[in-house]
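Student: I am new to this structure. I would like a close look at one part of it, with its surroundings.

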Amino acid sequence: MKPPESSSPPSSAALRRLTPHLFTILSCTLFAAIILYGADFSFIFGTQFRFYRPYLRPSSSSPPPSTKLPFAVGEAAADRGAGCDVFSGRWVWDDDHRPLYEESECPYIQPQMTCQAHGRRDTDYQHWRWQPHGCSLPSFNATLMLENLRDKKMMFVGDSLNGGQFISMVCLLHKNLPHRATSLTSNGSLTVFRAKDYNATIEFYWAPLLLESNCDNAVAHKEIWDRIVRNDSINKHGEHWRGADILVFNSYAWWVNGLKFKILKRGRFEDGKKEIVEMPTEKAYGMAMEGMMQWVKENMDPSKTRVFFMSMSPTHGDSKEWGGNAKNGNCYNETRMIEDPNYWGSDCRKNVMSVIEEVIGKWKVPITFLNITRLSGYRKDAHVSIYKEQWRALTLKQLANPASYSDCVHWCLPGLQDTWNELLFAKLFYP
């Protein structure tokens, strides 16, 4: 039976409420310390954004109305929908066109995201489509995407959540490519998908903190809780981003590690003696964002390239937030989305995300902000939960309580992250 449609999100007035200027993280990280690879130390979110502008650029550097952004092929959504905000809408059931591909059709989905192969029986989570209030999203067109990527490079940079979006994009394109005309290879932090007939690559670069850090090993990072970044080190990873025609950044979950963050001033991460200072996490995060913007300004040509930044991906680690009755419940066994239009997630505020508005607002660098947080917040049904390859053997105690090892951070594919790429597609071609 078709599940009921989700109600519309709150009015824009609710979005104007500012988050308290606090980084109350200790109560929010307990669940994340229990679940998950350790790959993405994450959070139970509750941020209310001050900014919903999908294209952030200081007015002093705004292009003239006649300027066409790179890759754009159509009118902006605002022109088509009288000020349409594609990030404000509702989820609607779509049994005719969803999912956009089958799990079994895409050989590149990692075992941490193949929920059906790991025993999940319900498929409703694959059949929801995001419908903006004032317009409709353009349908994802793999041929258009590939033709515009001919002889070009698209790169996702960040943590494993961005890695999931990268795999989603690969799967959306893979079904339109000839047999044996694709390949996927990994070498350290870099994973490269090649569409050979188009001489195009879609790549993922592991850099969860953007700056050089002690978490940069793409494999051996799963239990690093004492995180350290080197200041002014954006070029360490940026060397590998040069030449990209489309860059999609994310960086948030690995910063949520306490009120203070460690900064390496001198020495090496592995040295016994090294100079380390601590600073408020928000300030450290701002340092990374400043570095990213400086790198973009120096290395990306705004007349030829596009840069995107993904907002934070929500978690669903406490079922009491949406009215659940189970003790210590979370996303485990959740097969329906949150239907409360006033749902905001945890009371734990993540003011660090407001740093993005401050940093982007003062730089004369065009960047498209993809606000996937609120629309993803309703989707407690779409996480991988227990339906994935476990990175370590489970104890008898865990097996007796599946919620204790349920991954409520990452997402099944096909699923929610395909919608993220539909939004990326819309802003790339219809900005």
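Which residues does Trp 241 touch, not counting residues up to four places away in sequence?

Tutor: Trp 241 touches Met 155, Val 157, Tyr 205, Ala 207, Leu 210, Ile 234, Leu 247, Phe 249 and Trp 295, leaving aside residues up to four places away in sequence. A contact here means heavy atoms within 4.5 Å.

A word on the source. This is a predicted model, where local features need pLDDT of at least 70 and side-chain atom pairs count only at pLDDT 80 or more, while totals for chains, interfaces and linings use all residues. Residues are numbered from 1 along each chain as its sequence is written, and side-chain values use heavy atoms, with hydrogens and water left out.

Now the setting. The chain has 431 residues, and 60% of them are buried. Buried means under 20% relative accessible area, exposed means over 50%, and partly exposed lies in between (1.4 Å probe, protein chains only). There are 11 helices and 15 strands. These are DSSP runs numbered from the N terminus: helices are H or I with at least four residues, strands are E with at least two. Take the contacts between residues at least 6 apart in sequence: 81% of them join residues at least 24 apart.

Back to Trp 241. In the largest nonpolar core, which has 107 residues, Trp 241 is one of those with the most contacts, alongside Met 145, Met 154 and Phe 249. Such a core is a set of buried Ala, Val, Leu, Ile, Met, Phe, Trp, Tyr and Cys residues joined through side-chain atoms within 4.5 Å. Helix H7 (residues 281-299) gives the most to this core, nine residues. A second core is separate and has seven residues, including Cys 115, Val 384, Tyr 405 and Cys 412.

Follow them into strand E4 (residues 153-158), where six of the six residues are buried. Lys 153, Met 155 and Val 157 point one way, while Met 154, Phe 156 and Gly 158 point the other. E4 has parallel partners. Strand E7 (residues 200-206) is joined to E4 by six bridges, with Phe 156 opposite Phe 204. Strand E9 (residues 246-249) is joined to E4 by four bridges and also runs parallel to E4, with Met 154 opposite Ile 246. For two strands to pair, DSSP must find at least two bridges between them.

Next comes helix H5 (residues 160-174). At 1.5 Å a residue, its 15 residues should span 21 Å, and the end C-alpha atoms are 20 Å apart, which agrees. The expected span is 1.5 Å times one less than the number of residues. Of those 15 residues, 14 are buried, so H5 is largely enclosed by the rest of the structure.

Leu 211 is buried, at 2% relative accessibility. The C-alpha atoms of Leu 211 and Ile 234 are 4.8 Å apart, although 23 residues separate them along the chain.

Last, the charged pairs. The whole structure holds 16 salt bridges; each is a side-chain nitrogen of Lys or Arg within 4 Å of a carboxyl oxygen of Asp or Glu. Glu 147 pairs with Arg 150 at 3.2 Å, N to O. Glu 147 is partly exposed, at 39% relative accessibility, and Arg 150 is partly exposed as well, at 32%. Lys 380 pairs with Glu 334, their closest N and O atoms being 2.6 Å apart. Lys 380 lies in the loop between helix H9 (373-377) and strand E14 (383-385), and Glu 334 in the loop between strand E12 (306-310) and helix H8 (354-362), so the pair ties together parts 46 residues apart in sequence. Lys 380 is buried, at 7% relative accessible area.
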